Amino acid sequence: MAIGDLTAVGGTDLYYVDVGAYDVPGYGSVYILDAERPAVVDTGLGTNVDMILDALDEVGIDALDAILTTHIHLDHAGGAGFLADEFPDATVYTHEIGVRHLVDPERLVAGTKAAVGDQWQYYVEPKPVPEERITALEGGDEVDLGDRTVDVIHAPGHAPHQVVFHDREDDLLFSGDAGGIRPPGADRLFPTSPPVNFDLEGCLADAETIAERDPDRICFGHFGDADFSPALMSEYERVLTDWVTQVREKRAELGDDEAVIEHFVETADTVEPWGERKTRAENRLNVKGVLGYLDQKD
């Protein structure tokens, strides 16, 4: 597995490409549905549009009809405007809360810069999406892709504008960040709890919602697909709960938020294939999100 690799999900019309987010392999997946109305699910940072176009060519798709975004965080939707430019007949689908931020991404960019710090070097300024090109979604909606229908399920724990998509034809669920992070080859799930909207109770509810759907396969935003069972989401609920408890206890012990952040950054086990740099940055972001959540709850 390497940046730019295209992987077929066996027995389905689905593929995913490793778009090399943050210049590391095994972090960012963009999914390609070879449907009657061809679609992508998420778009990466926007630095990777050429990789997506190459992957579409490899699959044999010369035009997109649908650009589905699980949420508007720029590692998932940063390429939406660029892809919309490449495919002028494509519709961009996103939750109604996120529409204005795709149309005018100024506040989204400012918030991202504040959250990710030095990682901004791996981003690109997103291209605005014309409002008339966007279809606003809410939970309970369906997206018609011709030979299949994709259910839209609101999953606001990670961010209020997040949805997950369930392709009933192939029984695939695209979890965005609602099902956690699973690096390639990992035997466990990792939490994702970035600022400013992380909400533990909401994330636990989202995991239960995914478990109730009980798809055949789950397609992680980070990274790739896996066999699904409801026990996987029970595991993620434990991971999230334990993670928040660890941060809460360390804050009580140290009494200084910067010291808490540095503790978890310095003690993090390196996640392969991301390497030390991305592992440390991921932990920094996740601790900051939990601290913000604790400020609201404790």
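Me: Which residues does T94 touch, leaving out those up to four places away in sequence?
Reply: In this predicted model, T94 touches T69, I72, V99, L102, I134, T135, A136 and L137.

Me: Where is T94 placed?
Reply: T94 is in strand 6, residues 91-95.

Me: Buried or exposed?
Reply: T94 counts as buried because its relative accessibility is 0%, the cut-off for buried being under 20%.

Me: What does the T94 side chain make a polar contact with?
Reply: The side chain of T69, at 2.8 Å.

Me: Switching to helix 1. Which residues are buried there?
Reply: Helix 1 covers residues 49-59, and V49, I52, L53, A55, L56 and V59 are buried in it. They are on the same side of helix 1, because they cover an arc of only 160 degrees around the axis.

Me: Why would residues three or four places apart point the same way?
Reply: An α-helix has 3.6 residues a turn, so residues at that spacing point the same way.

Me: What is exposed on the other side of helix 1?
Reply: D50, D54, D57 and E58 are exposed there.

Me: And what covers the buried residues of helix 1?
Reply: The cover includes strand 1 (6-9), strand 2 (14-18), strand 3 (29-33), strand 4 (39-41) and helix 3 (80-86).

Me: Which residue has a positive phi of about 60 degrees although it is not a glycine?
Reply: That is D23, in the loop between strand 2 and strand 3. D23 counts as exposed because its relative accessibility is 56%. D171 is not a glycine either, and has a positive phi of about 55 degrees. D171 lies in the loop between strand 10 (163-167) and strand 11, and is partly exposed with a relative accessible area of 26%.

Me: Why point those out?
Reply: Most residues other than glycine have a negative phi, and most peptide bonds are trans.

Me: OK, where are the cis peptide bonds?
Reply: One joins P195 and V196, with omega about 5 degrees. V196 is in the loop between strand 11 and helix 6. Another joins E272 and P273, with omega about 15 degrees, and P273 is in the loop between helix 8 and helix 9.

Me: How do the residues of the lining divide?
Reply: Into 15 nonpolar, 10 polar and 6 charged.

Me: And the second largest pocket, what volume?
Reply: About 470 Å³. Of its 20 lining residues, R188, F190, P191, W243 and N283 are the closest to the centre. Helix 7 (230-254), helix 8 (257-267) and helix 9 each give two or more residues to this lining. The largest share, 5 residues, comes from helix 7. By class, the lining has 10 nonpolar, 5 polar and 5 charged residues.

Me: Last one, G185. Where is it found?
Reply: In the loop between strand 11 (172-176) and helix 6 (200-213). G185 is exposed, with a relative accessible area of 80%. G185 and F223 are 38 residues apart in sequence and 10.0 Å apart in space, C-alpha to C-alpha.

Terms used
Residues are numbered from 1 along each chain as its sequence is written. This is a predicted model: local features need pLDDT of at least 70, side-chain atom pairs count only at pLDDT 80 or more; totals for chains, interfaces and linings use all residues. Side-chain values use heavy atoms; hydrogens and water are left out. Ala, Val, Leu, Ile, Met, Phe, Trp, Tyr, Cys and Pro count as nonpolar, Asp, Glu, Lys and Arg as charged, and the others, Gly among them, as polar. On a 1 Å grid over the protein atoms alone, a cavity is a set of points where a 1.4 Å probe fits but cannot get out, and a pocket is an open set with protein on both sides within 12 Å along at least five of seven lines; lining residues have an atom within 4 Å of a point. Grid points are joined across faces, edges and corners, and a volume is the space filled by probe spheres set on the points. Helices (H or I, at least four residues) and strands (E, at least two) are DSSP runs, numbered from the N terminus. Buried means under 20% relative accessible area, exposed over 50%, partly exposed in between (1.4 Å probe, protein chains only). A polar contact is a pair of N or O atoms within 3.5 Å; within protein, one must be able to donate a hydrogen and the other to accept it, and residues adjacent in sequence count only if both atoms are side-chain atoms. Contact means heavy atoms within 4.5 Å. The arc is that of the directions from the helix axis to the C-beta atoms.
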